[in-house]
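I opened the model today to look up a few local features. My notes are below, grouped by topic.

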Amino acid sequence: KFIELLQRSNGLTPFGLSLAGTNPVPADCSLLVIAGPFTPLHADEINQLNNYLNRGGRALVLLPENSNAGLDLLLRTSWGVELGDDRVVDTSSAREGGFVILNNFGDHDIVRPFGVTQNGLVVATPRSVTPRSAATAGSDSPQVRPLVSTSPSGKAIGNRGSRQFDPRSDKAGVIHVAVAVER
């Protein structure tokens, strides 16, 4: 349904792509979607992704809980986004199996069509994404804008032995699960 919505509202045509070896992202790619990788990306793939983004490319990176795609360092140091080592829940819209229904959309073209849906966006085991602190960001730092967030009933529960919320170490309130990053 997500692909259909992107095709219908944004005129995008999806196709598969391998960044293995020296394969770059094609110059005419308008959105690169990395959907839930289960194995870490190779250093060459991360380099190709970074080159694409530095040329003004756009990517949608979907990383579920416990995904070790190897993108944490790239997103933190080059793009100002901190991936949480956590699992996001929203007590106002939780479903079995770690699914969350999200209805809190930012003001960005890519999520504008979701704002008109009555059902919300169902997301499986999301992680938190947090913009890097403005105090540590330089004047040429990327601009990070929230795309999708929980309601004020959201919680980001750290990946430790317990699945219970701990107010000393976990976050509560509106938790971002998707952001747009632009230079």
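**Entry 1: the model**
I am working from a predicted model.

**Entry 2: Arg127**
I started with Arg127. Where does Arg127 sit? I found Arg127 in the loop between strand 7 (121-124) and strand 8 (129-131). Is Arg127 buried or exposed? Its relative accessible area is 7%. The cut-off for buried is under 20%, so Arg127 counts as buried.

Next I looked up what the side chain of Arg127 reaches. The side chains of Arg127 and Asp72 are joined by a polar contact of 3.4 Å. I also noted the backbone oxygen of Gly84, which the Arg127 side chain reaches at 2.9 Å.

I then listed contacts, leaving aside neighbours within four places in sequence. Arg127 is in contact with Leu63, Pro64, Glu65 and Ser67, among others. The list also includes Leu83, Asp86, Val88, His176 and Val177.

**Entry 3: strand 10 and its partners**
I moved on to strand 10, residues 154-158. This strand is mostly covered, with 4 of its 5 residues buried.

I checked Lys155 in both pairings. Lys155 is the bridge partner of Val89. Lys155 also stands opposite Ala172 in strand 11.

What is the strand order in the open sheet of 3 strands? I read the order as 6-9-12, with antiparallel pairing. Strand 6 (104-105) and strand 12 (176-182) are the edge strands, and each pairs on one side only. I counted 6 bridges between strand 9 (residues 143-149) and strand 12. In this pairing, Pro146 has Val179 in strand 12 as its bridge partner.

**Entry 4: helix 2 and helix 3**
Last, I took the helix pair. Two packed helices are described by the angle and the distance between their axes. The axes of helix 2 (residues 43-54) and helix 3 (residues 72-79) come within 11 Å. They cross at roughly 30°. Why do I call the two helices roughly parallel? Angles under 35 degrees count as roughly parallel, so helix 2 and helix 3 qualify. Their crossing is right-handed.

I also looked up the residues that meet. Ile46, Leu49, Asn50, Leu53 and Asn54 come from helix 2. They meet Leu74, Ser78 and Trp79 in helix 3.

Key:
Residues are numbered from 1 along each chain as its sequence is written. This is a predicted model: local features need pLDDT of at least 70, side-chain atom pairs count only at pLDDT 80 or more; totals for chains, interfaces and linings use all residues. Side-chain values use heavy atoms; hydrogens and water are left out. Buried means under 20% relative accessible area, exposed over 50%, partly exposed in between (1.4 Å probe, protein chains only). Two strands pair if DSSP finds at least two bridges between them. A polar contact is a pair of N or O atoms within 3.5 Å; within protein, one must be able to donate a hydrogen and the other to accept it, and residues adjacent in sequence count only if both atoms are side-chain atoms. Contact means heavy atoms within 4.5 Å. Axes are lines fitted to C-alpha atoms, for helices over the stretch in contact, and angles run from 0 to 180 degrees between N-to-C directions. Angles under 35 degrees count as roughly parallel, over 145 as roughly antiparallel, 65 to 115 as roughly perpendicular and the rest as oblique. A crossing is left-handed if the near helix is turned anticlockwise from the far one by less than a right angle, and right-handed if clockwise.
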